[in-house]
Amino acid sequence: MVHLAKIALEKYFLMKMKRGVSEPFFEKAILEAMGIGKREQAG
């Protein structure tokens, strides 16, 4: 089970890199729902 989860996670991140999407909307929505936001970049 853990092995399959690892493969799925790797495929997900590779797909994100190929598409050039740094933050899909569902990731942002989940993080906002948990009260987690991005830090502002200095400069």
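Analyst: What follows starts with the chain, then goes through the charged pairs, the aromatic pair and the nonpolar surface.

This is a predicted model, in which local features need pLDDT of at least 70 and side-chain atom pairs count only at pLDDT 80 or more, while totals for chains, interfaces and linings use all residues. Residues are numbered from 1 along each chain as its sequence is written, and side-chain values use heavy atoms, with hydrogens and water left out.

The chain has 2 helices and 0 strands; helices (H or I, at least four residues) and strands (E, at least two) are DSSP runs, numbered from the N terminus. Along the principal axes, the C-alpha atoms fill a box of roughly 40 × 25 × 15 Å. The accessible surface of the chain is about 4400 Å², and 64% of that belongs to carbon and sulfur atoms; such areas come from the Shrake-Rupley method with a 1.4 Å probe, and for residues only the protein chains shown count as cover. Of the 43 residues, 5% count as buried. Buried means under 20% relative accessible area, exposed means over 50%, and partly exposed lies in between (1.4 Å probe, protein chains only).

Helix α1 has 18 residues and reaches 26 Å from its first C-alpha to its last, close to the 26 Å expected at 1.5 Å a residue. The expected span is 1.5 Å times one less than the number of residues in the helix. Just after α1, Gly20 takes a positive phi of about 80 degrees.

Now the charged pairs. A search of the whole structure finds 2 salt bridges, a salt bridge being a side-chain nitrogen of Lys or Arg within 4 Å of a carboxyl oxygen of Asp or Glu.

One of them joins Glu10 to Lys6, with the closest N and O atoms 3.8 Å apart. Both residues are in helix α1 (residues 2-19), and because they are 4 residues apart there, about one helical turn separates them. An α-helix has 3.6 residues a turn, so residues three or four places apart point the same way. Glu10 is partly exposed, at a relative accessible area of 41%.

The other salt bridge is between Lys16 and Glu27, whose closest N and O atoms are 3.3 Å apart. Lys16 lies in helix α1 and Glu27 in helix α2 (residues 25-33), so this pair ties together parts that are 11 residues apart in sequence. Lys16 has a relative accessible area of 12% and is therefore buried. Glu27, at 21% relative accessibility, counts as partly exposed. Leaving aside neighbours within four places in sequence, Lys16 is in contact with Val21, Ser22, Pro24 and Glu27, where contact means heavy atoms within 4.5 Å.

At 42% relative accessibility, Lys28 counts as partly exposed. Its C-alpha atom is 9.3 Å from that of Lys38, which is 10 residues away along the chain.

Helix α1 also holds Met15. With 36% relative accessibility, Met15 counts as partly exposed.

As for rings, a search of the whole structure finds 1 aromatic pair. The rings of Tyr12 and Phe13 have their centres 5.3 Å apart and their planes at 65 degrees, so the pair is edge-to-face. The rule is that rings of Phe, Tyr and Trp (its six-membered ring) pair if their centres lie within 6.5 Å; planes under 30 degrees apart count as stacked, over 60 as edge-to-face, and the rest as tilted. Phe13 is partly exposed, with a relative accessible area of 40%.

Lastly, the nonpolar surface. Phe25, Phe26, Ile30, Leu31, Met34 and Ile36 make a nonpolar surface patch of about 630 Å². Patches are made of residues with over 30% relative accessible area and no salt bridge; like charges are joined within 9 Å, and nonpolar side chains (Val, Leu, Ile, Met, Phe, Trp, Tyr) within 5 Å. Phe26, one of the patch residues, is found in helix α2. Phe26 counts as partly exposed at 39% relative accessibility. The C-alpha atoms of Phe26 and Arg39, 13 residues apart along the chain, are separated by 18 Å.
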